[in-house]
Amino acid sequence: MPVTKWLLLVGAVILTAGLLFGYDQGVISGALVGIEKSFSVSTFMVEIITSWVTLGALVGALVAGVLSDKIGRKSAVLLAAVLFAFGALVEALAPGAWVLVAGRLIVGFGVGVASVAAPLYASEMAPTRVRGRFVSGYQFGITFGIFLAYLIDELLSSGERWRLMLGISAVPAVLLVAFILPSSDTPRWFLTKGRRADARAALARIRPDDTDAAMEELEASVDDEAEQASWAVVFSRTWRRPLTIGIGLAVFQQVTGINAIIYYANKIFAAAGFITPQGQTAATTWAIGAVNVLATLIAVAFVDKLGRKPLLRAGLVGMALSLTVVAICFWFINKSSPSTTGGPTDAGLITLVALVVYIASFAFSLGPVVWTVINEIFPRSIRGRGVSIATAANWGSAWLVSQFFLSLVSTIGESGTFLLFAALSVVAFIWVSKALPETRGRSLEDIEQMWLDEPGALKAQHPH
Ligand code: BGC
């Protein structure tokens, strides 16, 4: 297979894996109304149906590191896709609420495994100069999946059609199986398993012009440590820096509010004066869903040119400012009497614009760049487990925010909640400026060496 076709196949894998993740994030808001009617469930059950997919994903992400080190990146993606398709069918055919919850857990587990294995696969397959672009392709898939879910929710918004909304997610899962089957595992994974010939064959497909040099580079980074390191090594002082950076980025991506807005956009627009459900869904689909997709393309274009850090810092400034504007608007909205004309108030419209700025700022920075960096900073010997911990931290914080956003709003109000997200964006900005090294244009082997060259790490590696 020629190199471009080969890279397209890897691109298709990463895009579809993102699509699965995103569709699943976005679909539930629209499906809930129908589910509540079909099963007449309590609020508690509604919360379980909504959030247990995230819990399933947390467990999936934790298992996925060891799994993708043991059975390989390719087999882990395959397993995730099969589980996901099965879970989607269980959801669609569920005779009662608990079977639906079981389906949600299976789907969540599949998404969790895929969210570790697929970007890992992409980052190890991609040539260095376009690695950021490859992993940003994953985020593009996520945003496109969210947008599709919003659209399909709108189209199928009546009766028992929630079954179709959930069942449709089996389609990208089947596509993922189709794309991953003809591909091979990554050269790095083959080498850790001592399968030198397979590693070389895989490398020849990615770098046909300088396969020998690439093989030498790869082998140098593998040295004599054929087996993957243990959990103790993952948490050792030597790798503390990449671990802290991975977890820090994962947590900041969530605690700055993205999924509060993705999940509860309709409610936020309702509070901002968009009275009709049609007005709310249209605002959500286009102002949030479509802008999210489009702004991700900025990152795809610039992440390997400008670097990870400038994008993150610019995005965080945009997020902090727009969240502050939203907080101020809500302060006015809550003070004034509700709109009687049926349309949004001025403050409501400014909220809409500020949320567009927020989504766009997230989409060209934290969205794609966090996944890119998480998948490139860990040394090969702990990459699977390191990515797995950071991804699980991301799912854990996503669960926290989505579970408690509404309670937070009723305790400290909308203004207070958005100000909190704004303050956390400022903290994230300071931390990124201080703690994050630039990884653009460096090979994965280079990045590994960078950690070892730090004084603290060397001391830890060679204690007296
Ligand atoms: C995050 C998701 C979020 C999505 C929004 C991703 O990078 O991990 O939690 O829903 O971006 O586009």
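The structure is a predicted model, in which local features need pLDDT of at least 70 and side-chain atom pairs count only at pLDDT 80 or more, while totals for chains, interfaces and linings use all residues. Residues are numbered from 1 along each chain as its sequence is written, and side-chain values use heavy atoms, with hydrogens and water left out.

**The two domains**

The protein chain is divided into domain 1 (1-183) and domain 2 (228-464), with bounds that come from an automatic or database domain assignment. Taken over C-alpha atoms, the centres of domain 1 and domain 2 are separated by 20 Å. In domain 1, 42 residues are in contact with 49 residues of domain 2, contact meaning heavy atoms within 4.5 Å. The area buried between domain 1 and domain 2 is about 4000 Å², and carbon and sulfur atoms give 63% of this area; buried area is the accessible area (1.4 Å probe) that two parts lose on being put together, summed over both. Of the area that domain 1 buries against domain 2, 16% is supplied by Gln-25, Arg-131 and Tyr-150, more than by any other three residues.

**Charged and polar pairs**

A search of the whole structure finds twelve salt bridges, and the count between domain 1 and domain 2 is three. A salt bridge is here a side-chain nitrogen of Lys or Arg within 4 Å of a carboxyl oxygen of Asp or Glu. Arg-385 forms a salt bridge with Asp-69, with the closest N and O atoms 3.9 Å apart. This pair links distant parts of the chain, since Arg-385 lies in helix α18 (residues 383-435) and Asp-69 in helix α2, 316 residues apart; helices are DSSP runs (H or I, at least four residues), numbered from the N terminus.

**The ligand**

The ligand is surrounded by 15 residues, the closest being Gln-25, Gln-139, Gln-253, Gln-254 and Asn-259, where a residue counts if one of its heavy atoms lies within 4 Å of the molecule. The table gives distances from a side-chain N or O atom to an oxygen atom of the ligand for three of these residues.

| Residue | Distance to a ligand oxygen atom |
|---|---|
| Gln-25 | 2.8 Å |
| Gln-139 | 2.7 Å |
| Gln-254 | 2.9 Å |

Note on methods:
Polar contact = N/O pair within 3.5 Å; in protein donor to acceptor, adjacent residues only side chain to side chain. Helix = DSSP H or I, 4+ residues; strand = E, 2+ residues; numbered from the N terminus.
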